[in-house]
Amino acid sequence: MAMLLLSLHVIAQQGVPEPIKGIVVDAEQGDALPGVMVRIKTDTKITTITDKDGRFVIRAREGDVLLFSYLGYAPLEMAVANIKKNPTIRMTAVDTKLNEVVIVGYGEVNRKEITGSIGEVNMDNLLKAPVASFDQALAGRIAGVQVTSPEEQPGAGMNIVIRGGNSLTQSNSPLYVVDDFPIEDPLNAAINPNDIESITILKDASATAIYGSRGANGVVIIKTKQGKIGKAVVKYDGSAGFQEVTKMMDLMSPYEFVKYQLELRPANATVYLDRPSFTLEDYKHVPTIDWQNMLFRQAFMQTHNLALSGGTQQTKYAFSGSIYNQNGIIINSGYKRYQGRVSVDQTINKQIKVGLKVNYTRDFNYGQLASLQQGSSISFSTYPLYRVWGYRPVTGGGDLDILDDLLDEEDDLEINDYRINPITSTNNEIRQASRSIFTGNAYISYDITKALTLKITGGFNSRVDKDENFYNSKTGRGYPSVNNTRGVNGLFGYDERNDWVNANTLTYKKKFNRNHSFEALGGFTVQGLNRSTYGYQAYNIPNEDLGLSGMDQGQPGALDALLTENIMVSYLGRVNYGYKSKYLLTATFRADGSSKFTPKNRWGYFPSAAFAWRIDKEKFMRKLAFVSDAKLRLSYGVTGNNRIGDYVRYSSLDLPYSNYYSFNNADPSPSIVVNRFGNNDLKWESTGQVDIGFDLGLFKNRIKLEIDAYRKNTFDLLLNANVPSTSGFSKIYKNVGEIRNDGLEFTLSTENIKSKRFSWSSDFNISFNRNKIVALSDGEDNILSTITWLSDYNSTPLYAAKVGGSASDFYGVIWDGVYQYSDFDRLPSGAYRLKNSVATNGADAAQIQPGDVKYRDVNNDGVVNDKDIVKIGRGLPIHTGGFSNNFTYNRFNLNVFFQWSYGNNIFNANRIVFEGNDQLRYNLNQYATYNDRWSADNQDSKNFRTGGQGIPGLYSSRTIEDGSYLRLKTISLSYDLPVALMKRMKIQNVSIYASAQNLYTWTNYSGMDPEVSTRNTTLTPGFDYSAYPRPRTFTFGMRLTL
Amino acid sequence: MPSCKKSFEKEPSDFIGPENYFKTEEQLNYALNGVYSTLAESGLYANNMIARLGLDADQSYNRYSHDEASVSDYNYTSADTKILAYWRALYLGINRANLLLENIDKPDMDNGKREKIKGQTLFLRAYFYFLLVIRFGDVPLVLNTVSSASSEALQVARTPVKEVYHKILEDMEAASLLVDDIDVVGSGGRISKSAVWGIMARVCLYMAGNPINDVSKYAEAREWAEKVITSGKHQLNPSFQQIFINYAQDKYDYKESIWEVEFWGNGTGIYTNLGGYVGRNNGIGSTEDPNVGYAAGMSRTSTVLFKLYDANDLRRDWSIAPFRYVGDAPAVATNWNASQIAERYCGKWRRIYETVLPRSTTRTSQNFPILRYSDVLLMFAEADNFIDDNDGTQRHEAINKVRRRGFGKPVDVPDASIDFTGMDKAAFLEQIQNERSRELAFECLRKDDLIRWNIFLSSMKYALNDITSTTTAATDAKRTFTNVSARDVLWPIPLYELGVNKKLVQNSGW
């Protein structure tokens, strides 16, 4: 009875349940919010979710209070009575970044409690760049992360170096962890940028040491999207646009070209004056054949992304697919990608959750690799851009059709000068690579108790690369000639990589008496890789019309077969301890055992520790109310690098064709030769890194500043070390040497203006890094590096990594302009003889003439030779950075992103060929800059006279240039269509946008683009020869949410 | 984790390691082929030694713009890449030989066959050291494969010249007992007793001369040369020209050509690198006509060499081509005029005779001689000249045989018009010096002959004066001969080696 009375009383007090209607909208934008969880505060069983228009109906009583919760918005309570008066519930978006968790290795951490140095990519900004792969838009986004592309070949990857290179001969690219799957050299293009939820970059040792032997180069953690609770959402994002070359080189006009030919080889150049009554002057009116204009094109590109996602409390799902299609700005080149992804997360019960993500990508890139020589011999003249710049712009007297002919009949060229029609050849060359990547990741997580969670993950990544090349008789590599012993030829290559991983972690998380928070992680993981490569070539293929399928009729050529595998077993642990969220401690440890090393050196141990002090939590800070966040971080740790081949520790014998020997004219007989010394003493390369960081937030974090200083000492370098040739080897993998990287990073994020209609926010970052070689192999003073591109220069070192210096400095002689008449004695014969007091340029004094190139005789011995070689440039920038601005005005959003590099030099090797014609090649067109060259009438010119290039094979500072640049990298303007209009069309949101990439670049570099490095390694950056030019891109697109 | 331990052992299945090789006779033979193929490295006889290292001394000069400021025009430093390549290729071969010798007893096989492989390997390793010691003087003497990558194991100091020579002779002598007679071998491509004896005669002559000056070695040199002569297995090819046409046509005449480097094919197919640059580097320039064959024409004669020949000496216009090729389609052989001496190309290896077609612009199948019978005869004569207790008949007959063949006369029929008679020791030595130049021009022997006679610098300066007084052209030759100085007797130890091996000390003057 009492119960009944009581319940009656309650009913009387609160009334009878009735349907309560309302609509939930964004407080600022006014947009409807679908998927908002609505429940009654006192009764957790009654819940509902807003529909796609933000509407909800819930049975509640007059006196109830409703709770509204929605990801990214502050939770809201509202009494039913108030809702009845005003059914529009306004939820306020919170600055999600402040409280959000940040993904770190094997877990996540509250942003405020980070102890290490971790960078997060702003995905909203990044996605505004019209690119195929996220790494192409990463440059300048994060301090300390240097992203460069050697050139802009469609489908080519980027170089990412975090906090400077540690390794001299081995890879410096970071470890990638995609959905918990660590992988050393992933195909970043396999991931659709639209599928990426977050990218975090672990920089200091406290953050990376959990990845132990693979952490030294930094770690990039990528998490892809998964479904969210709410009704199904369909999103489409599509764009189309075009790309164009930002710059073409100015070349000599027909008149200038013929004038130069007449100076160069008067005897041969008479063909230009063979036409009756045709003089040099008449060439001023002859139209130029613009080969560049025929090679480059305005190239169309388009991309389409479609995604469906949604979920309930139990099941979350996301499906997506995309198509990307980009024509290259060079004819017959381009890139295509097709990709699909599925993500499902399922809650089995209160304790168990499982999930699965599957992705399949197939991409295809085609077109000649611009910076690769295209002849079968080492000939610098077969590079695609050489062919275009050098092909003559005009013919002589004969009625030649050089536009269509494969070879220039009038052209009396030297035997090793393979100059053929650049357009015909480019159109006929088949070089294509297709890649398919399947990735599957699954997890099961089991909450053993409230505090203790077991997570088991497994992943599989399978990648198949297929290379197909075919060179028919209309290409530089396939045309019939005595030089071309391979005739029409083709190549097929197949490469398969299977990577698998299993990781098991146990996490214990508990707070003790409010002041002590404690989290411990322990884990065990196994990862393996196997890889097989097979390939073959065929020469002298008789039926070229059959293309690749006709290879079986040709002669067998080089064969390729490779099988390799490795396995790694690891134990890992991490402890986080916080006292009153004020003093934070993190310690990690990892032990890695790898099959790459012999049992005695198999295990590597990598510890780290970090301490952070949240100063803003101290009492004395309360007076400084404008300081919203202040944190001091300190960390030290040791990480490793294991980037060597799987079998480097084994000696190996080989039977190379090139060492076969024929006795008595019989068929060549195999030779067994040693090709590698297996060093049993190999072990991990280790990097000890100390990092001091300071984070400051002012005015409710409207101004945020992050400063980090670090020093990395890498020792026991895994160096493919130069060794005495008396050993029978020139290189042996050893652990020798030491290199140091020091750096400073600043990141400043500000909300400059924030009002209802207009807001402006900026992100600025700048980083400085310098490296210094402390020691090399066994007391070696330097490592000299050569570049293979032109036979006279191939054995001349252009780079030296000297002990005490940087890993990548340019070395050569100092260019001093040209010899002037005053440097010579006039002989009675009228000839000029170099004064004895004037140093030669390396050539015979008797041969040097006024107008010849002049170099500085550094050691004053009267001749310029290798003793006068000094440092002439730096390969690495002093600082790099980026500056991103977001402007919002009503429904318009404008993003403007600048990116720069300062202080590095580029060696512009193109100028050796096209600004002075180092090889004195006949009929080779030159850059227009060489019109200004020394002559008796033009003695002020710094360019040497025709034929005054001095001795070949000497690198000089003449072609070293400042490679600094500031680039307006991305501009993106978007407009959200009005909600009212959308409502009528039953569409949630539509925005249209226009983006431009590489819009403008400020630089003093005279080449096509200053972001270039066609022979990119740690030891040889910044070399420019025939690079694929960087396009300027404009796209127009639409984002639509149903 | 015992199961983990097992899974760590990823024994490579992609390649073979030395520890699980050398199980059969065939595998030993493959390893021996590897030792032989050292000779055909581009740093040695395949390319650089052919006209690009200045080994022909006062006989020729290099006229190839890409070789300017390098060892071929005597304007070089310790950083010269061709010197490093030479050093590297030889130590590469030495390492291959060391590995083979260390494993030679592993296979279960016929011991006689094993001994033959061992003999060839020992000899080739000794010859590689011989090529090193004549160019660099003291060199590290490495007789075992390296056991560890530690700097102690890798850095080896130089061994004095004498000791290296001692080891060379010791190994060659051992080899001479193991290898087959040349008629069993059947060609000059493989090491035979004759090849070993002949090269030992050369080694002993070098030791008898500068810088070791161990005159006791003349008797030994004579003895080894005599063994070749009295074996009865050799005779001079009646035609001097035919010797070289044989190389072009891949024909073997072991009676004359006792040891030659084997080159194969014309650079097509998978065996792209098995051809050499013989006839291409040092051939008659310069045409692209495939019916004639391209030659870079790097090697041109000095006026001194040309003048050494009698006008009736058939060797002159074969060794020094009196014509060049003009035009590409077709090439026309066009004679030089009489005053154009220094322009003339080396003509010993003529591509027009090649039978492997098409003639590629790079690789040729022409073999290169290391030891010819005429050389043995001349070595015999020279050594004999230093031995007092005879009347000199034998040495005069030996040199005259070579001369008669050179003039196209029957080898064994005395011919008063060309024969040398009754020369005293000094006169005989001078004529030997000249005859060697006439007979063996462009065969990579001249520089060492001049050095051991201790007349290298004077001969080079003589060549300079001669060419300067003869012609206003040939600036390359004048530059080359001007550049020569006393230090060029030895090459510098490569700069690279000094950088990675702190135990090395540079040669004086460098």
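The largest nonpolar core of this predicted model has 152 residues. A nonpolar core here is a set of buried Ala, Val, Leu, Ile, Met, Phe, Trp, Tyr and Cys residues joined through side-chain atoms within 4.5 Å, and buried means under 20% relative accessible area, with exposed over 50% and partly exposed in between (1.4 Å probe, protein chains only). The residues with the most contacts inside this core are B:L39, B:Y45, B:Y127, B:Y165 and B:W259. Helix α4(B) gives the most to the core, with 14 residues. A second, separate core of 41 residues includes A:V245, A:L798, A:Y799 and A:I872. In soluble globular proteins, nonpolar side chains tend to be buried together.

Residues are numbered from 1 along each chain as its sequence is written, while chains are lettered from A and ligands numbered from 1 in the order in which they are written. Local features need pLDDT of at least 70, side-chain atom pairs count only at pLDDT 80 or more, and totals for chains, interfaces and linings use all residues, whereas side-chain values use heavy atoms, with hydrogens and water left out.

Helix α4 (residues 111-136) of chain B also packs with helix α2 (residues 25-37) of chain B, at an angle of about 20° and with the axes 10 Å apart. Helices (H or I, at least four residues) and strands (E, at least two) are DSSP runs, numbered from the N terminus. Axes are lines fitted to C-alpha atoms, for helices over the stretch in contact, and angles run from 0 to 180 degrees between N-to-C directions. The two helices are therefore roughly parallel to each other (the term covers angles under 35 degrees). In α2(B), B:E25, B:L28, B:N29, B:L32, B:V35 and B:Y36 meet residues of α4(B), among them B:I117, B:L124 and B:F128. The residues of this contact divide into seven nonpolar, three polar and three charged. Here Ala, Val, Leu, Ile, Met, Phe, Trp, Tyr, Cys and Pro count as nonpolar, Asp, Glu, Lys and Arg as charged, and the others, Gly among them, as polar.

A:A503 lies in strand β24 (residues 489-512) of chain A and is buried, with a relative accessible area of 8%. Leaving aside neighbours within four places in sequence, A:A503 is in contact (heavy atoms within 4.5 Å) with A:Y106, A:K455, A:I456, A:T457, A:F524 and A:T525. In chain B, B:P322 lies in the loop between α12 (314-319) and β4 (323-326), and B:P322 is buried, at 19% relative accessible area.

Notes: Angles under 35 degrees count as roughly parallel, over 145 as roughly antiparallel, 65 to 115 as roughly perpendicular and the rest as oblique.
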